Amino acid sequence: ALYEEKLNLIENLIKNGLSENYEIKFGHYGSFFTNVSIEGSDLDILVYYHKRKEESEFYKDILNLLEQNENKFQNICPILTASVPVIKLQINIKDEILVKEIKLKNASYFEEEDLSKIKIDLTFTESEEEFQHSHEVVTYINKSLEEYPLIKPILLLLKRYFKDMNMNKTYTGGLCSYSLFLLVLSFCKCNKQCESATKLLYYFMENFTYFDYSNYCIDVEKENCYVLKDKNENEKSVSDGNSSYDTNYELYENEIYIVDPISKLNVSKSSFKVDEIILTFRKAFNLLYYEG
C-alpha cells in the first residue's frame, strides 16, 4: 500500500504539472510489477509524453517540475545522455511503518540504506510502440514465472548476487534484471527435466561461465535457446525478407547478445563489461563447485 501511495504521488505530480503542454501516460515494468523485487530494487516508471505545443522542451520541463518539488524527493539525478534517458530519484520512508515491518520479518538481513528509501527510475518515450512494450514484457515475465516456477528463486539469488558484485546496472556495464531473467528462462527451457533449484543453479553458473558469447546469442523463442551468430546467413534472410527480426544478430568479438522475445532487439547491448560479467558467473560457479 505504501509503494502504491508513493507511485500515485509522483504520477499525479507529473500529470498535473505537465498536462497543459503534454499528453501524459504511465507504464509500469520491472521487478516490482512482476513480484521478483529484492531489497533496494528500483521502482520503474515509463512516462509516455506527446507534445501539445511544438516549442515545449520535455526534459527541461520535467526536471524543473521535480526540482520545484524537491521537498518530496531526494537525490534527483538525471542521466539524459544514456542510450535510454533516465531520471533517478528517491523517496524517504525511513520513519514510516513499512520499514519497521520489514525489519521485524527479516531481522538484520537488509541494510538500512535499502529499507529507508524507495528508489525510482523514470524513463521516457514518445513512441506508442515502446510504451506498449513495457506492458507486454510484464505480461511475458508473469506468464513465464507461472510456467517455470524455478525461475523465481534462482532469479532472486542472482539479482542479490549481481547487486553485491556491482554488476546489476546496464549504464555501468552490467546485466539488468530483465537480461538475467531471460538467461534463467533460457536455461529452464533447455533443462525442463531438472526439478532441483540447487542443481539448476549450479549448472546455470557453469553454463554461463563457459558460454561462447562471441559466437552464440541467447534467444528464448528458439527451440534450444542458443543460436549461432551467422552474419552471412542472417544478412541473406534479411535481404530475402524472411527474417522475423528487426535487426540481424551482430557479430561483435566480445559481446553478450540476449534477444528480447517482444521487440527482437538485444536487451544486453549496453552490458559492455563482458569480461567482468563472465568473471561474476565464474566466481559463483567456483564457490558452488568447491562447496559442493
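Residues are numbered from 1 along each chain as its sequence is written, and side-chain values use heavy atoms, with hydrogens and water left out. Since this is a predicted model, local features need pLDDT of at least 70 and side-chain atom pairs count only at pLDDT 80 or more, while totals for chains, interfaces and linings use all residues.

Let me start with helix α1 (residues 2-18) and helix α2 (residues 58-68), whose axes come within 10 Å and cross at roughly 125°; helices here are DSSP runs of H or I, at least four residues, numbered from the N terminus, and axes are lines fitted to C-alpha atoms over the stretch in contact, with angles from 0 to 180 degrees between N-to-C directions. On the α1 side the contact (heavy atoms within 4.5 Å) is made by Leu 13, Ile 14, Gly 17 and Leu 18, and on the α2 side by Phe 58, Asp 61, Ile 62 and Leu 65.

Turning to the cores, by which I mean sets of buried Ala, Val, Leu, Ile, Met, Phe, Trp, Tyr and Cys residues joined through side-chain atoms within 4.5 Å, with buried meaning under 20% relative accessible area for a 1.4 Å probe, protein chains only, the largest has 46 residues, and among those touching the most other members are Ile 151, Phe 181 and Phe 208. Helices α5, α6, α7, α8 and α10 each supply at least two residues of this core, and α7 gives the largest share, nine residues. Phe 181, leaving aside neighbours within four places in sequence, is in contact with Tyr 140, Ile 141, Ser 144, Ile 151 and Leu 155. Apart from this core lies another, of 27 residues, including Tyr 49, Leu 63, Ile 87 and Ile 118.

Key. Buried means under 20% relative accessible area, exposed over 50%, partly exposed in between (1.4 Å probe, protein chains only).
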